[in-house]
Amino acid sequence: MRALTRLTLLLAALALSGCGAVSSLSRASEQLDTYTLSPLPGTGGGGSRHIVVEAATAGGALATDRILIKPSRVQALYLPDARWSDPAPALVQTLLVGSLQNGGGFRLVAREAAGLVPDYTLMTELREFQAEVPPGQAPIVRISMVLTLIRESDRSVASTRRIETQAPAASDSTGDVVVAFDTAVTQALGEAVGWARAQAR
């Protein structure tokens with residue numbers, strides 16, 4: 001009876017607080033829906049350079065497959081019912097590899113050199129990959145990353161670029177938050193691909 005009573009009270013509390021994902025934040029959940037994001041579309045091809053995209057680095061709050069929500073500057077929580085298909089740094093690496101492959105301008109785009117000496121290595125520091133919740137407003141997704149292109153012929157820094165994008169979510173539901181992530185990621189990938197192609201000419 002106690003378990004049933006606790007369940008009834010929990011359901012009542014959820015009904016009173018609304019069904020939005022952000023309004024019912026938690027740090028853990030037994031069953032999580034899995035979401036992923038898409039690389040930029042394109043036909044690929046062209047170019048003569050070989051580029052290796054290393055795994056992105058990120059701080060502890062981002063080095064997870066949970067979808068990060070920041071109610072304030074100093075607080076880190078996660079959506080209670082959702083996760084990414086891979087930890088955020090690995091997901092960003094996959095998106096960069098796919099977008100550079102689809103965007104053209106490179107002969108070969110890979111995660112590892114695989115015995116070949118690349119022309120460039122792309123290093124990524126993921127600084128922000130989260131939804132922020134301004135008081136009384138729907139979440140805003142914010143993405144920030146620092147890209148560094150290494151010229152392998154002399155191991156020098158060819159160029160560095162900081163990319164920052166954001167997109168508002170239509171509501172605090174999980175689906176709308178993920179759609180906002182996809183919008184912000186698409187903008188970031190577009191900047192990253194254009195910059196990398198320009199540097200590797």
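Trainee: Why is Thr124 called buried?

Mentor: Buried means under 20% relative accessible area, with over 50% being exposed and anything in between partly exposed (1.4 Å probe, protein chains only). Thr124 comes out at 4% relative accessibility, so it counts as buried. Keep in mind that this is a predicted model, where local features need pLDDT of at least 70 and side-chain atom pairs count only at pLDDT 80 or more, while totals for chains, interfaces and linings use all residues. Residues are numbered from 1 along each chain as its sequence is written, and side-chain values use heavy atoms, with hydrogens and water left out.

Trainee: What makes up the surroundings of Thr124, leaving out residues up to four places away in sequence?

Mentor: A contact here is heavy atoms within 4.5 Å. By that rule Thr124 touches Ala55, Ala56, Thr57, Val92, Leu96, Met145, Val146 and Leu147. Thr124 itself sits in strand S7, residues 120-132. Strands are DSSP runs of E, at least two residues, and helices are runs of H or I, at least four, numbered from the N terminus.

Trainee: How do you know that S7 and S8 pair?

Mentor: Two strands pair if DSSP finds at least two bridges between them. S7 and S8 have twelve, in the antiparallel sense, with Glu132 standing opposite Ile140 in S8. S8 is also joined to S9 by twelve bridges, again antiparallel; Thr148, for instance, has Thr160 in S9 as its bridge partner.

Trainee: Why is S8 described as largely enclosed?

Mentor: Ten of its twelve residues are buried, so the rest of the structure largely encloses S8.

Trainee: And Arg155, why is that one called exposed?

Mentor: Its relative accessibility is 53%, so Arg155 counts as exposed. Arg155 is in the loop between S8 and S9, and it has a positive phi of about 55° although it is not a glycine. The hairpin of S8 and S9 has four residues between the strands.

Trainee: What makes something a nonpolar core?

Mentor: It's a set of buried Ala, Val, Leu, Ile, Met, Phe, Trp, Tyr and Cys residues joined through side-chain atoms within 4.5 Å. The largest one has 48 residues, and Leu37, Leu100, Leu122, Phe129 and Phe181 touch the most other members. Helix H3 gives the most to this core, with twelve residues. As for Leu122, its contacts beyond four places in sequence include Ile51, Leu96, Leu100, Leu149 and Trp195.

Trainee: How do you know that the length of H2 agrees with what a helix should span?

Mentor: The expected span is 1.5 Å times one less than the number of residues. H2 has 16 residues, so it should span 22 Å, and its end C-alpha atoms are 22 Å apart, which agrees. Its buried residues include Val92, Leu96 and Leu100. Just after H2, Gly104 takes a positive phi of about 75°.
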